[in-house]
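Open the model in your viewer and keep the sequence panel beside it. The stops below say what to select and what is found there.

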Amino acid sequence: MRNIYDYTLGELEDYFVSIGDKKFRATQVFDFLYKKRIEEPEKMMNIGTKCQKILQDNFSFEKIKLLIKQEDVDVSKYLFELLDGERIESVVMFHDYGISICVSSQVGCNMGCRFCESGRLKKVRNLEAYEIVQQILLIEEDIKKRITHVVMMGIGEPMDNYNNVMRFVKIINCGKGIGIGSRHITISTCGVIPGIEKFMQEEGQVNLAISLHAPNDTIRKEIMSIASAYDMDSLFQVIKKYIQKTNRRVTMEYIMLDGINDTDDCARELAKKLKNMMCYVNLIPYNETENIGYKRSKKSQILRFYDILKKENINVTIRREFGGKVDAACGQLRANNAFLKGEF
């Protein structure tokens, strides 16, 4: 039985029409689920007992379960248990411009980025759309506030779960539902070129972020397995094609690793590659963990790297740091919890 939170508004409209009901019934159900946050059909008072019975008999209303919450200044990290017992995590960050959530798209990850905690537990399966949607619903229920921005930078590679991710985007972007604007939604990829090619054909203005993390193939192959499948020239060709087609700026995510990708030469090489490209670079101070040997770049070197890019007229920011008192690295809370359970 398919979960009710897995349906886009259009899919639910098609369902009601197919059983001889009215199309607007889907809008009523969406209103209860996402506006009023009523999840029991018997409490949906204006849809009639017949429709209530249809919902009870033909849809699952089960939800994932919140297991652990860690908190620090302006950030909370959540560990969820799925219906099959698998676990994922989400992070909520409180900014002056709103509240953002970083959601997971897979149970584990097979991309093999050597600096990333998510890859310590390999991919078990893709998340269904409802399992991504419910990360938002349960966290909004916990914080009693509306989430305004969504980034798909949690556990997993979104482009490796393309169809479910796109369904998730349609559900949360729908004005009859959660209503998060497309410009406030960002999908991040480590560089899965076929996914980017499909993504540029989508309607809407959802943002694209590239986990670049290196100025050349030599360094990128050292820290990211994906670079062996898709070299940087091919990646940049498709990024430029995306920009030309969509006229949308691309974010280049760049984790700062001490002595690996943070030298002055790296900064100059990166600036040369990005010259005149409609993008900006987001420099990310690395979250060190006990399980991975990479170290965070020194603050002075991060600032120096930033200055070199600035002088070359590259739009660049340094990501604000969150989560000094939580398992801050992506996948760290889940991995540490799995270790305690004896899954390693």
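**Stop 1: asparagine 164 and its helix**

Select asparagine 164, which lies in helix 5. Helices (H or I, at least four residues) and strands (E, at least two) are DSSP runs, numbered from the N terminus. This is a predicted model, in which local features need pLDDT of at least 70 and side-chain atom pairs count only at pLDDT 80 or more, while totals for chains, interfaces and linings use all residues. Residues are numbered from 1 along each chain as its sequence is written, and side-chain values use heavy atoms, with hydrogens and water left out.

Asparagine 164 has a relative accessible area of 13% and is therefore buried. Buried means under 20% relative accessible area, exposed over 50%, and partly exposed in between (1.4 Å probe, protein chains only). Now show what surrounds the side chain. Apart from neighbours within four places in sequence, asparagine 164 is in contact with Asn126, Leu127, Glu128 and Ala129; contact means heavy atoms within 4.5 Å.

**Stop 2: helix 4 against helix 5**

Select residues 129-143 for helix 4 and residues 162-173 for helix 5; their axes come within 8 Å and cross at roughly 40 degrees. That makes helix 4 oblique to helix 5. Axes are lines fitted to C-alpha atoms, for helices over the stretch in contact, and angles run from 0 to 180 degrees between N-to-C directions. Angles under 35 degrees count as roughly parallel, over 145 as roughly antiparallel, 65 to 115 as roughly perpendicular and the rest as oblique.

Helix 4 passes helix 5 in a right-handed crossing. A crossing is right-handed if the near helix is turned clockwise from the far one by less than a right angle, and left-handed if anticlockwise. To display the contact, pick Ala129, Ile132, Val133 and Ile136 in helix 4, then Asn164, Arg167, Phe168, Ile171 and Ile172 in helix 5. The residues of this contact divide into seven nonpolar, one polar and one charged. Here Ala, Val, Leu, Ile, Met, Phe, Trp, Tyr, Cys and Pro count as nonpolar, Asp, Glu, Lys and Arg as charged, and the others, Gly among them, as polar.

**Stop 3**

Go to helix 1 and helix 2, whose axes come within 7 Å and cross at roughly 130 degrees. The two helices are therefore oblique to each other, and their crossing is right-handed. On the helix 1 side, the contact is made by Leu9, Leu12, Glu13 and Phe16; on the helix 2 side, by Arg25, Ala26, Thr27, Val29 and Phe30. These residues divide into six nonpolar, one polar and two charged.

Move on to arginine 37, in the loop between helix 2 and helix 3. Phi of arginine 37 is near 60 degrees, a positive value in a residue other than glycine. Arginine 37 is partly exposed, at a relative accessible area of 34%.

Next, select helix 3 (residues 49-58), where Cys51, Gln52, Ile54 and Leu55 are buried. Viewed down the axis of helix 3, the buried residues fall within an arc of 160 degrees, so they line one face of the helix. The arc is that of the directions from the helix axis to the C-beta atoms. What do the buried residues of helix 3 pack against? They pack against helix 1 (9-18) and helix 2 (24-35). The face turned away from the buried side carries the exposed residues Thr49 and Lys50.

**Stop 4: helix 10 and helix 11**

Finish with helix 10 (residues 264-274) and helix 11 (residues 299-311), which pack at an angle of about 30 degrees, their axes 9 Å apart. That makes helix 10 roughly parallel to helix 11. The crossing is right-handed.

Within helix 10, select alanine 267. Is alanine 267 buried or exposed? Alanine 267 is buried, with a relative accessible area of 0%. Leaving aside neighbours within four places in sequence, alanine 267 is in contact with Phe305, Ile308 and Leu309.
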